[in-house]
Amino acid sequence: MSRKTQQKARMRKVRHRRVRKSIRGDAARPRLNVFRSLKHIYAQVIDDSAGATLLSLSTKTPEIRSQLESGMDRKAQSRIVGRVLGEKMKAQGVSTVTFDRGGYQYHGRVKELAEGVRESGLEF
């Protein structure tokens, strides 16, 4: 990795730690955490008080993989991940979450995932 890439990754982790000081998830309002790599996007719904992951989805999940079309851009893939995640959380009885963007800017794939979650009826 180049020095600039290492610096960007380090600064994202610093931002994430700073934001995580104030964001907590509990059973009533779990935390929706987002991680994005160059090819994929990952989302977890976490109950921090119990230290448990309630749900985890990504573009690698077989259920979502079957919904993705070849040649589909990553933003559209992110929206599908968000939509499926929101539907599953509604089925579990969760209606609100706290959004943790993971130190990333709220635009592009992170924003598309969030809008997909909102489309399915989850609030944050």
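A: Helices (H or I, at least four residues) and strands (E, at least two) are DSSP runs, numbered from the N terminus. Read in sequence order, the protein chain then follows the pattern α-β-β-β-α-α-β-α, which comes to four helices and four strands. The model is a predicted one, in which local features need pLDDT of at least 70 and side-chain atom pairs count only at pLDDT 80 or more, while totals for chains, interfaces and linings use all residues. Residues are numbered from 1 along each chain as its sequence is written, and side-chain values use heavy atoms, with hydrogens and water left out.

A nonpolar core is a set of buried Ala, Val, Leu, Ile, Met, Phe, Trp, Tyr and Cys residues joined through side-chain atoms within 4.5 Å. Buried means under 20% relative accessible area, exposed over 50%, and partly exposed in between (1.4 Å probe, protein chains only). The largest such core has 24 residues, and those with the most contacts inside it are L32, L57, I64, L85, F99 and L113. At least two residues of this core come from each of β1 (31–36), β2 (41–47), β3 (52–58), α3 (74–91) and α4 (109–119). Helix α3 gives the most, with five residues.

Contact means heavy atoms within 4.5 Å. Leaving aside residues up to four places away in sequence, L113 touches V34, I41, A43, S78, R79, V81, G82 and F99.

Helix α3 also holds G86. This glycine is buried, with a relative accessible area of 0%. Beyond residues up to four places away in sequence, G86 touches S120 and L122. The C-alpha atoms of G86 and F124 are separated by 11 Å, although these residues are 38 apart along the chain.

For the protein chain as a whole, 43% of the 124 residues count as buried. Among contacts between residues at least 6 apart in sequence, 59% join residues at least 24 apart. The radius of gyration is taken over C-alpha atoms, and the globule rule is 2.2 Å times the number of residues to the power 0.38. A compact globule of 124 residues would have a radius near 14 Å, and the protein chain agrees, with 14 Å. Its C-alpha atoms fill a box of roughly 45 × 40 × 20 Å along the principal axes.
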